[in-house]
Amino acid sequence: MDSAVELQDVSKSFGKFRAVDGLSFRVPKGVVFGLLGPNGAGKTTTIRMIMNITAPDSGQILVLGRPLDRETQNRIGYLPEERGLYRKMKVMDHLMFLADIKSVDRRTARQRIGEWLDKMELRPWLRKKVDELSKGMQQKVQFIATIVHDPEILILDEVFSGLDPINAALVKEYLIDFRKRGKTILFSTHVLEQAEKLCDEICLMSKSKKILEGNLKDLKLRHAGDELRLAIQATPAEVAALPGVHRSSAANGEFVISLAPGTDRRDFLRRALERHDIRAFSQREPELEEIYLAAVREAGLEETRTIE
Amino acid sequence: MSGKKIFAVIRREYIERVRTKAFWIGTALIPVFFMAYIGIQVATSHNAAGNRTVAVVDVSGRLYEPLARDLAERESRARAERGGKSVHWILAPRPVTGDLAATKEALRQEVLSKKIDGYLVLDPSLIEKDRIEYYSGNVSEYVAQNQLERAVNHVLLKERIEKRGLPADLSSELERHADLRPFKVTKAGATEEKGAALFTVLIFMIILYTTFLMYGMQNMKGVIDEKTNRIVEVIIASVRPTELMIGKIVGIGLVGLTQYLIWSLIAMNLTLPAIAGILTTPESGIPQIPISMILYFILFFVFGYFLYASIYTAIGAPFNTDQEAQQLSMVPMFFIVSVWAFFPSLMNNPNGGVAIFASLFPLTSPLAMFLRTSMGQPPGWQVALSIVLLIASTLLIAWVAGRVYRVGILMYGKKPTIPEIARWVRYRPGQAPQPAAREAS
């Protein structure tokens with residue numbers, strides 16, 4: 001599979017502070033890729049290096065198979081963390097300008113902006129100054145600005161921060177839609193729940209380093225513990241009495257069970273089936289946060305910062 | 001560099017600025033102020049008018065009568081020359097009652113109570129020392145006082161002539177005065193009056209001066225604006241910082257040129273008689289502006305503007321508010337304004353050390369050298385050196401500004417120190433910024 005973005009052993013320091021340390025990862029085309037980690041992990045610096053806003057001290061960054069040039073730059077939609085608009089410009093003029101600097105010809109731009117303004121229900125505001133728009137509407141305008149040139153790759157830094165819930169849902173919807181159309185999305189967030197719902201692939205960062213990378217489903221399988229989810233026709237006492245049960249707890253009509261060491265899962269299930277009716281049985285998937293914390297522990301990096 | 005992207009920035013910068021109300025209000029008001037200023041100047045200097053009630057304390061007893069006659073004559077002559085406008089003198093003799101000091105004190109009270117405008121003391125003991133005293137509530141009426149002074153001197157001259165037994169009518173002949181009319185010698189061999197040239201040169205100087213000051217400052221404000229609006233990072237994902245900087249500087253410069261174009265169109269159409277009279281020569285009827293002056297103007301305009309715009313851009317980039325940048329922005333402003341401090345030297349001693357320094361030093365040379373080339377012919381090597389220094393420092397400062405800009409526009413949060421800003425200049429190209437200080441928010 002071709003890569004949309006590839007980092008090879010990239011480092012960046014600011015004075016004595018090492019912001020990014022030997023970072024490598026690959027974003028395959030057509031996936032939603034999450035760059036995750038707490039604040040200060042180096043996500044924004046990484047994204048700025050991909051955008052060629054900051055140059056790396058060492059290492060190489062390839063976008064669509066080569067170092068970023070003007071032509072590929074025009075194929076990226078970028079929404080920085082520090083994002084804003086010219087307050088005195090009219091919505092339409094503003095979007096036209098941003099399309100202009102992405103080298104979209106004016107006719108195509110006008111048409112595309114019109115479509116998006118309709119979709120986002122901003123049409124009546126097209127001749128208004130940015131100033132006169134509500135914060136939520138300005139966020140919509142920013143989002144249109146990011147995609148007005150129909151980019152192949154979207155790079156979004158903390159895209160959900162500051163969005164109101166309605167716009168957050170809207171953006172999520174559009175991102176899923178983008179992926180369906182074969183586009184690549186790379187986004188950073190420090191909110192792991194958001195990533196969990198959207199990402200195909202992730203890269204976890206902590207203290208300037210990568211601590212984990214891969215397909216989210218694979219990672220979940222790999223990090224799945226020996227906990228089971230069981231929908232069973234039995235009382236808690238009966239469940240606790242099943243052979244091989246080390247610990248069990250009831251939640252939402254289900255039981256989460258951890259087996260005693262050395263117990264075979266199939267054996268346990270067979271015996272449980274002999275005694276009770278089982279409606280559903282699954283291995284409990286770990287939450288992304290658990291994977292993250294486990295990875296931090298493994299990497300020997302004591303996590304001092306909090307994760308929201 | 002992408003011309004298309006720079007052009008997009010120029011277009012936005014230009015259109016958005018020309019569309020603002022502030023631009024049109026400024027364009028409309030500045031000529032009004034300028035005309036009003038000239039009008040007031042003309043009105044106050046040439047058309048001094050109104051009544052002046054002056055008491056004359058003639059200690060000698062002989063001078064009052066001839067003085068009154070002389071002033072009346074001058075009045076009617078001035079009236080004939082200047083279309084009926086002149087100061088009208090109402091003189092009243094005032095005998096010395098008691099001692100002189102008491103009389104003066106009484107008159108002082110009258111001036112204060114506005115019964116009279118002033119009083120003149122003709123005291124022979126003082127006249128011996130070439131002194132005449134005039135007391136008034138307003139001692140800054142240059143034209144009126146000048147007239148009074150001439151009249152008294154004429155009377156005194158007459159008296160001296162008569163004392164020596166010379167013919168009385170000799171006095172008016174002796175008082176005749178020739179005006180010095182300077183003509184400028186140019187390479188073309190044409191001559192023109194200095195007064196007209198000076199007026200044109202001053203208008204060009206004011207255009208240069210305000211461009212550097214106002215439009216230079218606009219660059220700083222524009223840069224800070226883009227930072228406070230948090231738009232700059234969105235833009236540099238598509239446009240290189242250098243392209244953005246050049247686009248902004250050119251765009252803002254074009255706004256200035258548009259304003260001047262509008263003004264010159266207005267001036268040409270409405271050609272105000274007063275100005276036209278000074279500017280035009282009788283033969284052609286169009287302003288005589290030498291080609292060389294226009295070429296120098298363009299040269300100093302372009303490079304001077306670029307130099308100051310770059311400086312202001314570099315000053316704006318590291319800061320987040322106008323207030324933070326204000327202190328540093330005083331520095332270029334100081335150099336621009338300093339041309340008025342150099343002005344007397346440039347006019348009176350254009351080949352002196354101060355004038356040469358001012359016209360070689362790149363921060364003052366656009367204004368100073370333009371003035372010198374327009375008013376005279378400075379040595380060729382000085383003109384050449386001045387231009388070379390100006391172009392070299394414009395390129396250098398634009399380069400430095402580009403580097404500061406690249407780093408500065410991504411700096412949010414705390415106000416950087418000057419040594420920090422200096423360090424940014426040394427970063428390798430593309431090697432720019434630090435993390436926005438707020439990354440870890």
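Predicted model: local features only at pLDDT ≥ 70, side-chain atom pairs only at ≥ 80, totals over all residues.
Local features need pLDDT of at least 70 and side-chain atom pairs count only at pLDDT 80 or more, while totals for chains, interfaces and linings use all residues. Residues are numbered from 1 along each chain as its sequence is written, and chains are lettered from A in the order in which they are written.

Colleague: Which element gives the largest share of the side of chain B that touches chain A?

Modeller: Two residues are in contact if their C-beta atoms, placed from the backbone, lie within 7 Å. The contact takes 28 residues from chain B and 28 residues from chain A. Helices are DSSP runs of H or I with at least four residues, strands runs of E with at least two, numbered from the N terminus. The largest share on the chain B side, 5 residues, comes from α1(B).

Colleague: How many residues of strand β8 of chain A are buried?

Modeller: A residue is buried if 20 or more other C-beta atoms, placed from the backbone, lie within 10 Å of its own, exposed if 12 or fewer, and partly exposed in between. A:Glu201, A:Cys203 and A:Met205 point one way, A:Ile202, A:Leu204 and A:Ser206 the other way, and all are buried. For β8(A), residues 201-206, the count is 6 of 6.

Colleague: In which sense do β8(A) and β9(A) pair?

Modeller: Two strands pair if DSSP finds at least two bridges between them. In β9(A), A:Lys209 is the bridge partner of A:Ser206. Over 6 bridges, β8(A) and β9(A) pair in a sense that is antiparallel.
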